[in-house]
Amino acid sequence: MKTNDVILQTVTRTVSFIILLFSIYLFFAGHHNPGGGFIGGLMTGAALVLLYIAYDIKTMAKVLPIDFKNMTALGLLIGVSTGLGSFLFNVPFLSHSFGYFYLPFLGKTELATAVLFDLGVYLTVVGVTMTIILTIGEDNE
Amino acid sequence: MAVQVLLNFTLAFIWMFLNQSWTPVDFVMGYIVGLALIFVLRRFLLTPFYFQKVIAITKLILIFIRELILSSVSVIKLILRPKMDFRPGIFALPTDLKSDWEITLLASLISLTPGTLSLEVSPEGNVLYIHAMDLPDTTEAINQIKDTFEKAIKEVTR
């Protein structure tokens, strides 16, 4: 049975951007407000799943030529390297610090190394959820 | 293209709503985040990624400034000569540009560069008549310059 998904696809085309924006907001909100890498990554995964539901796997492979397994590996690498980075300053593994910097344009900004660790979490969560869902979805037998 | 710009602005405003801060800095941050999202999902929208047009327009402006400086220098060299031994002339430039907007832009750019002046567009709109201050040695070179303008305009409009 062939159905016309025009409404779903048109709505998805704008709504997915708003969900992705919200996931990025959640990712950066994590330090002082509810949010963080895990929920942000899941929200990004949800937006991608919506895209995969509205379109098919073949179209999405063209739109987003990303290997989600590599994304997981990259996320884990970032997570481990922020931990290893603390050795450069002679402090124990996974010590994190933060500071206030005066950036051009942005003004006084608090930058924390925990955000980099969160980025690793984010990429890993997106990679793992998408790998699970796509592996189930691609099974034709 | 306009739809994508509108979407980008909407995303920037949603970003400001989410962050509950209404400063220009947050608007620009939201705009950049939205631009990145549109870039990642650019193949999924029906029209080409709009920022390529913005880059093409910037390129056209930079090419125009470069030509302006180069031709100003050559005109200064001409007018500071003790003898007026250069030869002005009029030549026809066949152009592939179609729409009124493109031809007007090309003619304006040619007129704004010193040393050349667009006089007339042929009734069919495919030939531009251009007056050049020093023609004999530069016909080929000027045609080449028009190719750079024409190519840059095509990148903007197509």
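Student: Is A:Lys69 buried or exposed?

Tutor: This is a predicted model, and in it A:Lys69 counts as exposed, because its relative accessibility is 55% and the cut-off for exposed is over 50%.

Student: Which residue does A:Lys69 form a salt bridge with?

Tutor: The partner is A:Asp67. The closest N and O atoms of A:Lys69 and A:Asp67 are 4.0 Å apart.

Student: And how exposed is A:Asp67?

Tutor: A:Asp67 has a relative accessible area of 38%, so A:Asp67 is partly exposed.

Student: Why can side chains like these pair up?

Tutor: Side chains of opposite charge can pair when their charged atoms come close.

Student: How many salt bridges are there over all chains?

Tutor: A search of the whole structure gives four.

Student: Which helices do B:Glu155 and B:Lys59 lie in?

Tutor: B:Glu155 lies in helix α5 (residues 139–157) of chain B, and B:Lys59 in helix α3 (residues 51–79) of chain B. The two residues therefore tie together parts that are 96 residues apart in sequence.

Student: How accessible are they?

Tutor: B:Glu155 is partly exposed, with a relative accessible area of 38%. B:Lys59 counts as partly exposed too, at 42% relative accessibility.

Student: What about B:Asp96, which residue does it form a salt bridge with?

Tutor: That one is B:Lys154, with the closest N and O atoms 3.2 Å apart. B:Asp96 sits in the loop between β1 (89–94) and α4 (100–112) of chain B, while B:Lys154 is in helix α5 of chain B, so this pair ties together parts 58 residues apart in sequence.

Student: Switching topic: at what angle do α4 and α5 of chain A cross?

Tutor: Helix α4 (residues 68–85) and helix α5 (residues 114–137) of chain A cross at roughly 155 degrees, and their axes come within 7 Å. Angles over 145 degrees count as roughly antiparallel, which means that α4(A) is roughly antiparallel to α5(A).

Student: Is that crossing left-handed or right-handed?

Tutor: α4(A) passes α5(A) in a left-handed crossing.

Student: Which residues make the contact?

Tutor: From α4(A), they include A:Phe68, A:Lys69, A:Met71 and A:Leu74. By class, the contact has 13 nonpolar, eight polar and one charged residues.

Student: And how do α2 and α5 of chain A pack?

Tutor: Helix α2 (residues 37–54) of chain A packs against α5(A) at an angle of about 35 degrees, with the axes 8 Å apart. Their crossing is right-handed.

Student: Which residues are in that contact?

Tutor: Among them are A:Gly37, A:Phe38 and A:Tyr52 of α2(A), along with A:Asp118, A:Val121 and A:Tyr122 of α5(A). The residues of this contact divide into twelve nonpolar, six polar and one charged.

Student: Last one: where does B:Thr10 lie?

Tutor: B:Thr10 lies in helix α1 (residues 2–19) of chain B and counts as partly exposed, at 38% relative accessibility.

Notes: Residues are numbered from 1 along each chain as its sequence is written. Chains are lettered from A and ligands numbered from 1 in the order in which they are written. This is a predicted model: local features need pLDDT of at least 70, side-chain atom pairs count only at pLDDT 80 or more; totals for chains, interfaces and linings use all residues. Side-chain values use heavy atoms; hydrogens and water are left out. Axes are lines fitted to C-alpha atoms, for helices over the stretch in contact, and angles run from 0 to 180 degrees between N-to-C directions. Helices (H or I, at least four residues) and strands (E, at least two) are DSSP runs, numbered from the N terminus. Angles under 35 degrees count as roughly parallel, over 145 as roughly antiparallel, 65 to 115 as roughly perpendicular and the rest as oblique. A crossing is left-handed if the near helix is turned anticlockwise from the far one by less than a right angle, and right-handed if clockwise. Contact means heavy atoms within 4.5 Å. Ala, Val, Leu, Ile, Met, Phe, Trp, Tyr, Cys and Pro count as nonpolar, Asp, Glu, Lys and Arg as charged, and the others, Gly among them, as polar. A salt bridge is a side-chain nitrogen of Lys or Arg within 4 Å of a carboxyl oxygen of Asp or Glu. Buried means under 20% relative accessible area, exposed over 50%, partly exposed in between (1.4 Å probe, protein chains only).
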